[in-house]
Amino acid sequence: MADFDIVQLPARSDNYAVLVHDPASGATASIDAPDAAPIKAELEARGWTLTHILVTHKHLDHVEGIKPLRQAFDVTVIGPQKSAAETGLYDRTVTDGDHLEFAGTEVQVIETPGHTLDHVSYFLPGQKLAFVADTLFALGCGRVFEGTPEMMWESLKKLRALPDETVVYCGHEYTLANAEFAVSVEPDNAALADRAAQIRALRAEDKPTLPTTIKREKETNPFLRADDRGLADALGMAGADPVTVFAEVRGRKDRF
Ligand SMILES: [Zn+2]
């Protein structure tokens with residue numbers, strides 16, 4: 001099994017790009033391309049050559065760096081089929097259930113629409129690694145811009161079904177605001193209160209709160225627990241169906 005070097009790179013105001021490097025072959029992938037400058041600087045500092053960009057969705061803060069990176073590197077850009085025509089940026093397109101290979105390692109494509117209709121997540125089963133961009137955040141989830149709450153809930157359930165130990169990289173450092181919201185929804189969740197305290201301490205030192213894990217999110221993220229009785233009770237929604245609970249939580253967060 002490949003042993004990848006992974007660098008989580010802050011970009012723009014609160015985005016992350018993630019560089020995945022295989023020391024054996026030299027292959028290096030960037031998960032999304034929020035901004036070419038910090039990605040190029042990091043690659044140069046490490047002596048890495050960019051070979052792939054894996055795009056999760058069409059939003060400008062995930063794709064704006066593609067064109068300048070293409071000018072600097074002989075790179076293959078892989079992105080969702082659903083936004084291929086609109087963006088005109090991809091060399092290869094993917095849909096749900098596709099299997100790619102990166103540096104000899106399997107990459108599974110999971111369509112996770114809701115935030116946008118084209119959104120995909122990338123899962124490396126051999127490495128227990130997932131790149132979920134703006135579908136799932138630490139203690140949060142993406143705003144539902146193009147899909148419906150039901151669509152987003154189905155997408156989150158797909159990610160929740162990944163192995164507990166899966167290490168999850170997200171598109172933004174939104175965790176502190178998400179934590180304050182989650183605590184407001186579920187003040188009696190002890191695991192959440194512990195985690196919120198850790199997050200406040202990390203952010204006070206300007207340290208990243210990501211990556212996270214599926215297990216941690218299942219225990220503390222209200223958006224993954226719309227079918228959890230404890231959460232429905234805390235919202236005064238005992239007996240409501242999960243999509244209704246999810247839509248309520250998402251709506252409260254939008255107004256928080
Ligand atoms: Zn987005």
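I take two strands as paired if DSSP finds at least two bridges between them. Strands (E, at least two residues) and helices (H or I, at least four) are DSSP runs, and I number them from the N terminus. With that settled, I looked up Val-7: its bridge partner in strand 2 is Leu-19.

**Ground rules.** I am working on a predicted model, where local features need pLDDT of at least 70, side-chain atom pairs count only at pLDDT 80 or more, and totals for chains, interfaces and linings use all residues. Residues are numbered from 1 along each chain as its sequence is written.

**Strands 1 and 2.** I followed the pair further. Strand 1 and strand 2 (residues 15–21) run antiparallel, joined by seven bridges. Asp-5 stands opposite His-21 of strand 2. Three residues lie between the strands in this hairpin, and Arg-12 takes a positive phi near 55° there.

Six strands make an open sheet, ordered 1-2-3-4-5-6, with mixed pairing. Strand 1 (5–11) and strand 6 (92–94) are at the edges with a single partner strand each, so one side of each has no neighbour in the sheet. From one strand to the next the twist averages 20°.

**Helix 1.** What does helix 1 lie across? I found helix 1 (residues 36–46) across strand 1, strand 2 and strand 3 (28–31). Helix 1 runs at about 145° to strand 1. For such angles, axes are lines fitted to C-alpha atoms, for helices over the stretch in contact, and values run from 0 to 180 degrees between N-to-C directions.

**His-62.** I placed His-62 in helix 2 (residues 60–63). Buried or exposed? His-62 is buried, with 26 other C-beta atoms within 10 Å. The cut-offs are 20 or more such atoms within 10 Å for buried, 12 or fewer for exposed, and partly exposed in between, with C-beta atoms placed from the backbone. Leaving out residues up to four places away in sequence, His-62 touches Asp-32, Pro-34, Val-55, Thr-56, His-57, Ala-133 and Gly-171. Contact here means C-beta atoms, placed from the backbone, within 7 Å. I also checked Ala-177: from His-62 it is 115 residues away in sequence and 21 Å away in space, C-alpha to C-alpha.

**Whole chain.** I noted 10 helices and 14 strands in the chain. Along its principal axes the C-alpha trace spans about 55 × 40 × 35 Å. Buried residues make up 46% of the 256. Of the contacts with a separation of 6 or more, 57% join residues 24 or more positions apart.

Key
Contact = placed C-beta atoms within 7 Å.
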